[in-house]
Amino acid sequence: MTISAHGRLPRGTAKESAVGRERIAIIGMGAMGRRVATALQALGTTPFELCCLVRADAPDTDQLKRTFGIEIFHDVDALVGWHPTLAVECAGHAAVEETVVPLLGHGIDAIVVSVGALSSPFLREMIDDAMKVGGSHLTLVSGAIGGIDALHAARMGGLDSVRYTGRKPPKAWIGSPAETQFDLVAMDKPTVIFDGTASESARLYPRNANVTAAVALAGVGFERTIVTMMADPGVDRNVHEVEAVGAFGHLTIRLENNPLPDNPRTSWLAAMSIEDAVFRRLEHSI
Ligand SMILES: NC(=O)c1ccc[n+]([C@@H]2O[C@H](COP(=O)([O-])OP(=O)(O)OC[C@H]3O[C@@H](n4cnc5c(N)ncnc54)[C@H](O)[C@@H]3O)[C@@H](O)[C@H]2O)c1
């Protein structure tokens, strides 16, 4: 399984590309889902229908209905009956298996932002199988990271090494395994809290897995991508660096991401990347 220059997984089986009126289902209406819904509704004249899938116990269903005026579903079967052409996952790793896989199996294309879920080889296999059965198509967005297109192209000539380094303020690591190994509150200099493969880091630091998985899938895979994570009192934003060496030459990229106003744990760029992917799709379907 790979991602291409625009983060697209290969099609399962041949299927006509979506044309005409898109029926878009947003999965998860947290900070990112609401942002995508708002951006889509601001388009105004573009011909598409919108609905969303939220958890059965979601507390704010009435408020969602008032704000967006769209149909709200609580289970996948009911959503399938609405005949979506595209599902946009903004819900988290578990939702990829619970929701995206069955939708792909029903022939519904999907855009996924919780790319870290694909660090599980088992889930990647399930996705492949579902795409084959449904003849559907999965797009993975680059999310909080950049340079994925260059990394993906560079592997055509052979990549010798890919290294990802993530830096966050020490308090951002509270709740991760680093909390039991380091005194995050008293930390006064940049400290390596993890050094290993993308596969290990996804297991131990799943909250960071979205970025490391995007890098691993585009480049040399989970076992050969080297990940270093640092608690750095000198930064006040999440900093992502990717360094790759291969026949193409040498790539270095560094992002300092601002948080999404409605969720400080999500990079604003990640929300923008999903908006961009949905807009691209709409551009090609009208
Ligand atoms: N690719 C990246 O770089 C990147 C960056 C940041 C976040 N993300 C992913 O995006 C996801 C969403 O981010 P956010 O800031 O909107 O989070 P959020 O916590 O604000 O919103 C997530 C929403 O999804 C809902 N949800 C959870 N499971 C669901 C399910 N099975 N079905 C329907 N709804 C469900 C939750 O109730 C919540 O309302 C994150 O969980 C993370 O996996 C990816």
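The model I am reading is predicted, with local features needing pLDDT of at least 70, side-chain atom pairs counting only at pLDDT 80 or more, and totals for chains, interfaces and linings using all residues. Residues are numbered from 1 along each chain as its sequence is written, and side-chain values use heavy atoms, with hydrogens and water left out.

**Aromatic pairs**

I searched the whole structure and found three aromatic pairs; rings of Phe, Tyr and Trp (its six-membered ring) pair if their centres lie within 6.5 Å, and planes under 30 degrees apart count as stacked, over 60 as edge-to-face and the rest as tilted. For W173 and Y205 the ring centres are 5.7 Å apart and the planes stand at 90°, so this pair is edge-to-face. The pair links distant parts of the chain, 32 residues apart, with W173 in the loop between β7 (159-168) and α7 (178-181) and Y205 in the loop between α8 (198-204) and α9 (209-218). Helices (H or I, at least four residues) and strands (E, at least two) are DSSP runs, numbered from the N terminus. I also saw that W173, F194 and Y205 form one aromatic cluster.

**The sheet**

I then followed the six strands of an open sheet, which run in the order β3-β2-β1-β4-β5-β6 with parallel pairing; two strands pair if DSSP finds at least two bridges between them. The edge strands, β3 (71-73) and β6 (138-140), each pair on one side only. Strand β5 (residues 109-112) pairs with β6 in the parallel sense over three bridges, and A110 stands opposite L138 in β6.

**F73**

I looked up F73 next and placed it in strand β3, where F73 is buried with a relative accessible area of 9%. Leaving aside neighbours within four places in sequence, F73 is in contact (heavy atoms within 4.5 Å) with C51, C52, L53, V54, A78, L79 and W82. From F73 to I27 I noted 46 residues in sequence and 9.4 Å in space, C-alpha to C-alpha.

**Two helices**

Last, I checked where α4 meets α5, and V96, E97, V101, L104 and G105 in α4 touch L123, M126, I127, A130, M131, V133 and G134 in α5.

Technical notes. Buried means under 20% relative accessible area, exposed over 50%, partly exposed in between (1.4 Å probe, protein chains only).
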